[in-house]
Amino acid sequence: MRRRALAALLAAGLMLAGCSAETPTEPDEPHELAPSQPPVDDPVVTVDTYPAVVDPAVLEDAPGAGTRLVVDEAGQVAVAWPELGLAPVDAVLAERVRAGVTAYRSAHPTPAAGTPAATELNGTWSLVGSSRDVAGVLLDTYVHADGTTTDTWATTWYDAQTAAVVPNSALLADPVRFADAVTEALAGQDAVDPVSLTTVLTAGVPVLAFTENGELFVGFDEHQLAGGRTGRITVVLTVDQTEELLSPLGERARDALVEPTLPPAPDGAAPAGEPATDGPATDGPAPSPSPSESSEPTEPGGSTGPAEPAVDCAVEQCVALTFDDGPGPESADLLATLEAVDAPATFFVVGQQVATYPEATAAIAAAGHEIGVHTWDHKNLTRLGARHVEREIDRTATAVEDATGTAPVLFRPPYGATEPAVLARAAAAGLAQVLWSVDPDDAAPVELGAAADAAELTRRVVDRSRPGDVVLLHEQRPVTLAALPGIVAGLRERGLVPVTVSTLLGAPEPGVTYTQRPAG
């Protein structure tokens with residue numbers, strides 16, 4: 001298990017001394033985890049920076065922990081959040097996500113089938129503290145509507161000693177002194193309205209976390225302190241200020257970031273470092289051999305296990321089954337089903353999920369399947385700037401290579417949304433762009449045409465598939481898992497041979513877009 005804390009102060013963010021009158025300017029998007037920063041000597045005002053975060057792979061070793069990733073392809077909604085196996089905090093996180101999605105859908109109803117969505121909701125998360133005493137989760141929400149984007153965020157802290165979710169202010173010994181320190185740091189900033197600042201500080205700041213040096217990190221929502229697009233204004237207080245301001249709980253929260261361990265254990269779960277007595281140590285997939293312990297890759301894209309039987313798709317009637325949005329807690333069940341039906345597949349993975357489930361990612365490759373890039377957090381790339389697109393693709397490719405030992409060669413843009421600039425970035429990363437030719441709607445809400453049961457999903461895939469097709473399916477869908485044996489059997493009854501995408505295409509070329517096997 002990796003237990004390091006990742007430095008997250010943005011190199012591109014503009015850092016200003018707290019007493020400067022200069023207005024923070026918007027940095028190049030997006031935020032990225034930056035190299036480690038030394039402690040600050042004075043309070044620092046920044047724009048669109050991030051607190052330090054705990055390696056999310058800690059959840060793969062935590063009893064009862066897991067993640068949820070809900071995607072509505074038609075409505076362009078993709079929201080991810082963690083489940084720690086702790087009822088109080090899990091309920092709060094789920095309700096915050098539910099409320100956000102409900103509010104978004106109320107303002108932006110899902111379009112009719114076949115109509116491209118003009119808006120987008122994306123939600124991601126980070127661990128900002130993890131120990132047996134305290135856990136902290138940062139939910140980060142992105143909304144695109146009316147040609148603009150709005151970013152909001154919020155930290156949720158859990159105190160294991162009281163088994164309760166606590167407000168950010170519980171980390172502070174003296175909220176009034178804290179408000180004074182933040183106000184002084186922001187004094188003279190043209191982008192900050194003093195009345196708005198006072199209102200927010202009175203109600204409670206949305207983000208309270210730490211830097212890797214243990215300094216208090218204070219985050220405000222976009223537009224919360226001023227109108228116009230100034231980005232999310234943040235303040236980093238000094239170590240000395242932090243020491244004076246933290247409550248005993250705040251000190252434990254800081255330690256949970258600086259020296260992270262497994263998060264609090266659910267009732268009845270084994271303590272850190274001890275085996276569980278009732279069942280497996282986690283709800284996620286079983287540990288898999290590391291890439292160094294597996295056999296050499298046998299085909300492009302990440303196969304490090306048994307070779308797929310030699311299939312010549314110029315002769316055989318091949319079809320490629322693909323699964324988007326993993327890996328996750330259910331990946332082990334999907335792998336077991338694919339093994340039972342002896343069918344290779346291609347997994348287009350989300351980078352944040354790979355970082356959280358590196359062992360599950362390695363298990364996919366070790367089983368002989370292919371792994372492609374599905375971006376870091378499932379945003380529509382056509383709405384992002386060039387640097388953001390680069391980060392979404394390249395950071396995910398690196399995570400896949402770190403987990404499997406093999407660089408991916410395939411890429412699928414979320415929602416199938418692409419344009420020449422996206423394709424050019426894929427080409428620069430050495431990736432072919434793979435869309436699909438068969439979409440049975442297993443990821444859409446039922447009212448938009450999703451299969452209500454396994455039999456219907458099976459019928460859709462089998463009836464619509466032809467030689468050379470690429471079939472779009474999704475992980476973390478119970479109906480998809482239930483339908484898979486019937487899908488594979490039905491395809492074979494029609495003389496179709498399931499293969500990976502690279503086997504179907506032969507030698508996919510970087511920068512080329514494929515929806516199925518080219519004719520001829």
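Colleague: Is the crossing of H6 and H12 right-handed or left-handed?

Modeller: The H6 and H12 crossing is right-handed, meaning that the near helix is turned clockwise from the far one by less than a right angle. Before going on: this is a predicted model, where local features need pLDDT of at least 70, side-chain atom pairs count only at pLDDT 80 or more, and totals for chains, interfaces and linings use all residues. Residues are numbered from 1 along each chain as its sequence is written, and side-chain values use heavy atoms, with hydrogens and water left out.

Colleague: At what angle do H6 and H12 pack?

Modeller: About 25 degrees, with the axes of H6 (residues 331-341) and H12 (residues 478-493) 10 Å apart. H6 and H12 are therefore roughly parallel, a label for angles under 35 degrees. Axes are lines fitted to C-alpha atoms over the stretch in contact, and angles run from 0 to 180 degrees between N-to-C directions. Helices are DSSP runs of H or I with at least four residues, strands are E runs of at least two, and both are numbered from the N terminus.

Colleague: Which residues make the contact between H6 and H12?

Modeller: H6 supplies Asp333, Leu334, Thr337, Leu338 and Val341, while H12 supplies Leu481, Leu484, Pro485, Val488 and Arg492. Contact means heavy atoms within 4.5 Å.

Colleague: Changing topic, how many salt bridges does the structure hold?

Modeller: It holds 17, counting a side-chain nitrogen of Lys or Arg within 4 Å of a carboxyl oxygen of Asp or Glu. One of them joins Arg252 and Asp159, at 3.3 Å from N to O.

Colleague: Where do Arg252 and Asp159 lie?

Modeller: Arg252 is in helix H5 (residues 248-258) and Asp159 in strand E9 (residues 148-159), so the pair ties together parts 93 residues apart in sequence.

Colleague: Is Arg252 buried or exposed?

Modeller: Buried, at 19% relative accessible area. Asp159 is buried too, at 7%. Buried means under 20%, exposed over 50%, and partly exposed in between, with a 1.4 Å probe and protein chains only.

Colleague: And what does Arg460 pair with?

Modeller: Arg460 forms a salt bridge with Glu456, the closest N and O atoms being 2.8 Å apart. Both lie in helix H11 (residues 454-464), four residues apart, about one turn of the helix. Arg460 counts as buried at 11%, and Glu456 as partly exposed at 23%.

Terms used: Parallel < 35°, antiparallel > 145°, perpendicular 65-115°, else oblique.
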